[in-house]
Amino acid sequence: MNAPFQENREAADRSPLKVMIAAPRGFCAGVDRAIEIVEKAIEKYGAPVYVRHEIVHNRYVVDGLKEKGAVFVEELDEVPSDMPVVFSAHGVPKSVPAEAERREMIYVDATCPLVSKVHRQAERQIEKGQHIVFIGHAGHPEVIGTMGQVPAGQMTLVETVDDVAGLSFTQDDALAFLTQTTLSVDDTAEIVRALQARYPQIVAPKAEDICYATSNRQEAVKAMAPGCDLVLVIGAPNSSNSLRLVEVAERLGTDARLIQRADEIDPDWLEGVGTVGITAGASAPEVLVREVVAKLGEWRAVSEHKVRTAEEKMVFKLPRQLTE
Ligand code: 10D
Ligand code: SF4
């Protein structure tokens, strides 16, 4: 059989696959800004520029910046004092910039302004004498960063409704709550309800701490998943907002898989599947979405459809030290 004939036959055999693509998806304004900060820091100071923690939770992004001259480390003590360092978008405890100042280092803070907003609220609540109940996932860098804005013992972490039941505050205690920016909107609402039921005096944040990007991406999956047999979420296993997108789809009864790259898709997942939904976490670049669609197109006759639930126009300014 000659090669062109075989190609035509394979194309004819490929059964149709409807590919729904959620919007908004992928990069948020805080991630765009953080990546640009690293690029601009390399331009300004020259390579290498150190970055404390993955700038955002995405291996493709991190590898791309490594090629441009970024060196990723987990802790500041891994950075030589005469080298510039960028703090990741997730934020850092106060002790980190304090240590950089003590060592007279050049540092650039890429903490997302929406995470910094939560940091400032935490400071204000402590000034008012309120103990903070913080809703978040233990061990996540944003949680470590936010809890590190206040003196030890002044913020208590809760992860679940059960944790709220285990709190030993009374209704006479001055309490306030704050949250991580990348939580499940629905789970958080339940935890907040439990807190308010036990502690009616608890002070809520001025505005929702879960950010616009997190809630928009969850909303889009809610609109898309019920019409899909399978949802693919492009994101890393350590990406909180991406993991939440998998949960949203699963709770609607749709199978969902977290993948970092197209080569992780097992063709068996597509058995009996007529419609696949695709979304991407806030740290996953669009090029990876196109890679996934192209991979599906190798196996099936793909038709693409958008499911848009919101428009996003948010842009954050770069720190002045990189624009002057
Ligand atoms: O794990 P995550 O969702 O907090 O971070 P990721 O780097 O995946 O996405 C960007 C979100 C940030 C920096 C936290 F707001
Ligand atoms: Fe900022 Fe939200 Fe993006 Fe996090 S997910 S970097 S809080 S915009």
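Figure 1. Ile126 counts as buried because its relative accessibility is 17%, and the cut-off for buried is under 20%. The model shown here is predicted. Ile126 sits in helix H5. Its C-alpha atom lies 9.7 Å from that of Leu175. Along the chain, Ile126 and Leu175 are 49 residues apart.

**Figure 2. The positive patch that includes Arg124.** Four residues form a positive surface patch: Arg120, Arg124, Lys128 and Lys206. Arg124 belongs to helix H5, which covers residues 113-127. The relative accessibility of Arg124 is 37%, so Arg124 is classed as partly exposed. Patch members need over 30% relative accessible area and no salt bridge.

**Figure 3. Overview of the fold for orientation.** The protein contains 11 helices and 12 strands. Its C-alpha trace spans about 80 × 55 × 30 Å along the principal axes. Of the 324 residues in the protein, 51% are buried.

**Figure 4. The largest nonpolar core.** This core has 32 residues. Which of them touch the most other members? They are Val38, Ile55, Leu65 and Val86. Several elements each supply at least two residues of the core: helices H2 (29-45), H3 (59-68), H5 and H9 (212-224), along with strands E2 (49-52) and E3 (70-73). H2 gives the largest share, with 8 residues. In soluble globular proteins, nonpolar side chains tend to be buried together.

Figure 5. The bond from Ala23 to Pro24 is cis, and its omega is near 0°. Pro24 lies in the loop between strand E1 (16-23) and H2. The bond from Ala47 to Pro48 is also cis, again with omega near 0°. Pro48 falls in the loop that joins H2 to E2.

**Figure 6. Positive phi at His53.** His53 is not a glycine, yet its phi is positive, at about 75°. The residue is placed in the loop between E2 and H3. Is His53 buried or exposed? It is buried, because its relative accessible area of 12% falls under the 20% limit.

**Figure 7. Positive phi at Glu104.** Glu104 has a phi near 55°, a positive value in a residue other than glycine. Its loop runs between helix H4 (95-102) and strand E5 (107-109). Glu104 has a relative accessible area of 71%, so this residue is exposed. The cut-off for exposed is over 50%.

**Figure 8. The salt bridge between Asp187 and Arg251.** The count of salt bridges comes to 15. In this one, the closest N and O atoms of Asp187 and Arg251 are 2.7 Å apart. With a relative accessibility of 26%, Asp187 counts as partly exposed.

**Figure 9. The salt bridge between Arg217 and Glu312.** The two side chains meet at 2.8 Å, N to O. Arg217 belongs to helix H9, and Glu312 to the segment after strand E12 (301-308). They are 95 residues apart, and the pair links distant parts of the chain. What is the relative accessibility of Arg217? The value is 1%, so Arg217 is buried. Glu312 is partly exposed, with a relative accessible area of 27%. Side chains of opposite charge can pair when their charged atoms come close.

**Figure 10. The salt bridge between Arg290 and Glu304.** Here the N to O distance is 2.7 Å. Arg290 lies in helix H11 (residues 286-299), and Glu304 lies in strand E12. Arg290 is partly exposed at 37% relative accessibility. Glu304 is partly exposed at 42%.

How values were computed. Residues numbered from 1 in each chain as written. Chains lettered and ligands numbered in written order. Predicted model: local features only at pLDDT ≥ 70, side-chain atom pairs only at ≥ 80, totals over all residues. Heavy atoms only, no water. Patch = residues over 30% accessible without salt bridge, like charges linked within 9 Å, V, L, I, M, F, W, Y side chains within 5 Å. Areas by Shrake-Rupley, 256 points an atom, 1.4 Å probe, with all protein chains shown as cover. Lys, Arg positive; Asp, Glu negative; His and termini not counted. Charge placed at Lys NZ, Arg CZ, Asp CG, Glu CD. Helix = DSSP H or I, 4+ residues; strand = E, 2+ residues; numbered from the N terminus. Buried < 20%, exposed > 50% of the residue type's maximum accessible area, 1.4 Å probe, protein only. Core = buried A, V, L, I, M, F, W, Y, C linked by side-chain atoms within 4.5 Å.
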